[in-house]
Amino acid sequence: MTLFENIFNREPKKICHRGEKDMYLVVGLGNPGKKYENTRHNMGFMVIDRLSEMTGTSVDRLKFRALTGECIIGGEKVMLMKPQTFMNLSGDAVREAARFFRLAPSQIIVIYDDIDIPLGHLRLRKSGSAGTHNGMRSIVNLLGTDQFPRVRVGIGGASGDLVNHVIGKISSGEREVLDETVKRAADAVECFIKEGIDMAMNRYNTKKHKDEEK
């Protein structure tokens, strides 16, 4: 029995396949409060806000220590989530919801900022390590698995203090690029749910340029 199965004390739910009626939990990571609005670390929240606009859903119900809202995308029930636990404890909210709805890892999609990806680029993956992101570390630790899909929004690195870069306000020069990236990330989540992860990866993953590959 895997650690994920131990956490939920059950046999794992069957993996969702496109076309089946089931539920997805779409989690955008960020920090609550006005102090953190429009910061690079809140890209996950911004994508959830975009999805709420696209689906006409209010993400304002406090549940599982998160702001949540339920909608239908491609015939599938979806819960949009913005954890209110602050970034380092994001896993608390995700674990509570996953337990309540008896979700398999494949039904949890996490959206977050990534300093290791160039500004404005997207990377969708079926699974993977948490890397240096504290919110993802919390989720992986509490779920006991890293085998869940994620959408990584590139905010680029910084030559100075990385902490200040991450929690710093989005500059005017970055605004247009990141606004467009948020829209593409929301579209990617919609595509994932409607057409599957492979199609979403093929359509929305930013292609590397030759200078990046050197």
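Predicted model: local features only at pLDDT ≥ 70, side-chain atom pairs only at ≥ 80, totals over all residues.

Biologist: Why is Lys35 called exposed?

Modeller: The relative accessibility of Lys35 is 64%, and exposed means over 50%, so Lys35 counts as exposed. Lys35 lies in the loop that runs between strand E1 (23-28) and helix H2 (43-55), and its C-alpha atom is 9.4 Å from that of Ile167, a residue 132 positions away along the chain.

Biologist: What makes H6 and H7 roughly antiparallel to each other?

Modeller: Helix H6 (residues 172-195) packs with helix H7 (residues 197-204) at an angle of about 150°, their axes being 7 Å apart. Angles over 145 degrees count as roughly antiparallel, and therefore H6 and H7 are described in that way. Their crossing is right-handed.

Biologist: Which residues make the contact between H6 and H7, and how many of them are nonpolar, polar or charged?

Modeller: H6 contributes Arg184, Asp187, Ala188, Cys191, Phe192 and Glu195, while H7 contributes Ile197, Met199, Ala200, Arg203 and Tyr204. By class, seven residues of this contact are nonpolar and four are charged, with no polar ones.

Biologist: And what is the secondary structure of the chain, and how much of the chain counts as buried?

Modeller: The chain has eight helices and seven strands, and 52% of its 214 residues count as buried, buried meaning under 20% relative accessible area. The accessible surface of the chain is about 10,400 Å², with 49% of it belonging to carbon and sulfur atoms.

Definitions and conventions
Residues numbered from 1 in each chain as written. Heavy atoms only, no water. Helix = DSSP H or I, 4+ residues; strand = E, 2+ residues; numbered from the N terminus. Buried < 20%, exposed > 50% of the residue type's maximum accessible area, 1.4 Å probe, protein only. Areas by Shrake-Rupley, 256 points an atom, 1.4 Å probe, with all protein chains shown as cover. Axes fitted to C-alpha atoms, helices over the stretch in contact; angles between N-to-C directions. Parallel < 35°, antiparallel > 145°, perpendicular 65-115°, else oblique. Left-handed = near helix turned anticlockwise from the far one by under 90°. Contact = heavy atoms within 4.5 Å. Nonpolar A, V, L, I, M, F, W, Y, C, P; charged D, E, K, R; others polar.
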